[in-house]
Amino acid sequence: MNDSSWGAPAGTGRGGPDQGPVPAGPAYDRQQAAQTRPMPIVPDVPAGGFQDGHGRGAAHQSGPLFRDETPHEHPQEPMPSPTPPPPPAPSAPRQKKSAGRDLGAAIGVGVGLGAVIIASLFIWKPAFVGVIAVAVVVGLWELTSRLQERKEIKAPLVPLAVGGAAMVVAGYVRGPEGAWVAMALTALAVLVWRMTEPPEGYLKDVTAGVFAAFYVPFLATFVALMLTADDGPQRVLTFLVLTVVSDTGAYAIGWRFGKHKLAPRISPGKTREGLFGAVAFAMAAGALCMQFMIEDGVWWQGLLLGLAVATSATLGDLGESMIKRDLGIKDMGTLLPGHGGIMDRLDSLLPTAPVVWLLFVIFVGSA
């Protein structure tokens, strides 16, 4: 059937009333043909359109006709493949524990100080007394400076420095009595010197001054007292070796195995394992030193000496940590690279000196 006959008006064209009978075709008569409605004009299918199975133009413009109908007019664009998640960033390598200081500088300074001490100790005893006096004066300067900076406490440095140096010399020359007399005169000088300034803060200034005189020069005087014995250099060297070995053992064992804090509110870095290392190292070194360096010394005395040194050195370190925490500082000074200040090296030596001196007197006498 030709498409042009669809929708032709009655009486015109082929099949009208003025023409012959309608040719054979589909089963409908002339009356039915006249009553047939014209077929609606179907708009042209836009480019890219499709026809369904009945020849009707597919004019879907948006979405399917039914809920369950899948639109076929426009082929679905391929869904973009999901972007794979980025590979996890490689975890940073576990950092090794840090000592918190420049170990190279610390070792270099320690070797240099050790050379000066050994040379002055065994060449000429008075030279080592001078080394003690210099360390005392510098330590007093660091302590009084930090007190003034952080707490506005003005402990008079001049009488402290002069009296501290005199205290060390008096202990070496006159023994314990000379040290006590020099200590008393230094305290008196602090009281008088502070009177030249206004009375505000007098009590705290002189209290800090007397404390500084006892803490630094008076305790250091016991090193000079050890030196007065015939084997004084060996006694002083034993005292220094045991203190250093105690600190080294505490550091080595605590750094490697330390887990349980010893005094977290005072010094978070110290551990019980470190204290055990300090005791073990100091006792071993004490037994060797007493047996082979001290005249009439016995190894078991060295065990007790090492135990006492480890205990007093640890307490001295904690004591200065308390002072530094109260002042809000990490180090007392910066004079010694890798160590801090002089007072940061004297913290364990000062309280250990009278303990070692007393044990030497008990074990082998004072001569």
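Among the elements of this predicted protein model, helix α5 has the highest mean pLDDT, 97, while helix α1 (residues 30-35) has the lowest, 47; pLDDT is the predictor's confidence in each residue, from 0 to 100, and helices here are DSSP runs of H or I with at least four residues, strands being runs of E with at least two, numbered from the N terminus. The protein averages a pLDDT of 81, and 71% of the residues score at least 70. Over residues 1-36 the pLDDT stays under 50, and the model has 14 contacts beyond four places in sequence for them, a contact meaning heavy atoms within 4.5 Å. Residues 45-75 also stay under 50, with 19 such contacts.

Residues are numbered from 1 along each chain as its sequence is written. Local features need pLDDT of at least 70, side-chain atom pairs count only at pLDDT 80 or more, totals for chains, interfaces and linings use all residues, and side-chain values use heavy atoms, leaving out hydrogens and water.

We turn next to a pair of helices. The axes of α3 (residues 125-151) and α5 (residues 202-227) come within 10 Å and cross at roughly 160°, where axes are lines fitted to C-alpha atoms over the stretch in contact, and angles run from 0 to 180 degrees between N-to-C directions. That makes α3 roughly antiparallel to α5, a term used for angles over 145 degrees. The residues in contact include F128, I132 and L140 of α3 and A208, Y215 and V223 of α5.

Finally, strands β1 (residues 261-263) and β2 (residues 267-271) pair in the antiparallel sense over two bridges, pairing requiring at least two bridges found by DSSP. A hairpin joins β1 to β2 through three residues, and A263 has S267 in β2 as its bridge partner.

Terms used. Angles under 35 degrees count as roughly parallel, over 145 as roughly antiparallel, 65 to 115 as roughly perpendicular and the rest as oblique.
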